[in-house]
Amino acid sequence: MSDAHLTQRSLADEPEPIDLTEEPIRLGNQDPEDGPGRAPRSRRRIVLAAVLAAGLAGVGALGIAGWRVAQQKDTELSSPAAVAGLQRDDSERARSTADYLRDGLSADIDLDRSFGTVYRDPADDKRAVLIFGGTTLLWQPERDLDTLFRLMTDETGKVTGLREVSPGRLGGVMKCGTTSGEGGDFAICGWADHGSVAMAMFPGRPVDSAGDLLRQIREEIQTRA
């Protein structure tokens with residue numbers, strides 16, 4: 001054994017010292033760009049994907065809404081002499097009643113064209129159908145239909161049991177309820193889409209029957225460009 005002082009011993013046989021650089025030591029698969037206070041890249045990618053998906057969904061919804069408006073906006077409504085088994089009543093009394101309600105509708109909703117017609121049921125004069133409405137571009141059809149029901153509340157009394165029913169193949173929204181008149185309670189239904197709004201009264205008919213009849217009438221009097 002050498003008697004040399006420990007500080008004088010050769011280090012030739014010792015292992016090389018570990019070089020500690022200034023680069024940080026990374027554990028696991030952390031991204032080098034993920035620094036303190038920053039979300040990991042994988043998390044940022046998930047958030048970005050979610051935002052992109054939500055944006056695409058919004059664009060898709062706008063596209064569908066735009067297509068629906070374009071499809072429905074150019075609408076025409078007619079008053080044929082016969083519709084759904086009913087006959088148009090051209091008497092002065094019937095025309096006066098229809099005109100009164102048509103004018104009331106036009107005062108509340110700005111329409112390009114309006115109409116009002118009374119249809120007589122050949123099987124029962126007490127089950128005549130009074131229908132009135134008009135055409136224009138409607139951005140919020142349901143809101144305008146609800147406005148029309150409020151108008152009828154002012155004219156005939158409270159509309160009760162109001163509920164949505166199937167609008168049929170022409171789409172839009174259709175609702176039915178019950179109101180009262182001189183002859184007692186009767187069904188009242190209306191529809192609205194992006195090109196038209198209309199309402200009809202059905203004395204002597206239950207709500208379900210009235211909804212079915214209005215769908216038939218609508219399919220015969222409404223056309224689109």
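Predicted model: local features only at pLDDT ≥ 70, side-chain atom pairs only at ≥ 80, totals over all residues.

**The sheet and its helices**

Two strands to begin with: β2 and β3, the latter covering residues 86-88, run antiparallel and are joined by 2 bridges.

Now the whole sheet. It is open and has 8 strands, with antiparallel pairing, in the order β2-β3-β4-β5-β9-β8-β7-β6. Which strands stand at the edges? They are β2, residues 82-83, and β6, residues 160-165; each has a single partner strand, so one side of each is left without a neighbour in the sheet.

Next, what packs on this sheet. Helix α2 does, touching β4 (113-120), β5 (129-135) and β9 (196-202). The direction of α2 makes about 145° with that of β4. Helix α4, residues 207-221, lies across β2, β3, β4, β5, β6, β7 (173-181), β8 (184-192) and β9. Against β8, α4 runs at about 40°.

Back to α2 for some detail. This helix spans residues 92-108, 17 residues in total. From first C-alpha to last it reaches 25 Å, close to the 24 Å expected at 1.5 Å a residue.

Which residues of α2 are buried? Ala-94, Ala-98, Leu-101 and Leu-105. Viewed down the axis of α2, the buried residues fall within an arc of 70°, so they line one face of the helix. On the face turned away from that buried side, α2 carries Glu-92, Arg-93, Tyr-100 and Ala-107, which are exposed.

Notes:
Residues numbered from 1 in each chain as written. Heavy atoms only, no water. Helix = DSSP H or I, 4+ residues; strand = E, 2+ residues; numbered from the N terminus. Expected span 1.5 Å × (residues − 1). Buried < 20%, exposed > 50% of the residue type's maximum accessible area, 1.4 Å probe, protein only. Arc of directions from axis to C-beta. Pairing = 2+ DSSP bridges. Contact = heavy atoms within 4.5 Å. Axes fitted to C-alpha atoms, helices over the stretch in contact; angles between N-to-C directions.
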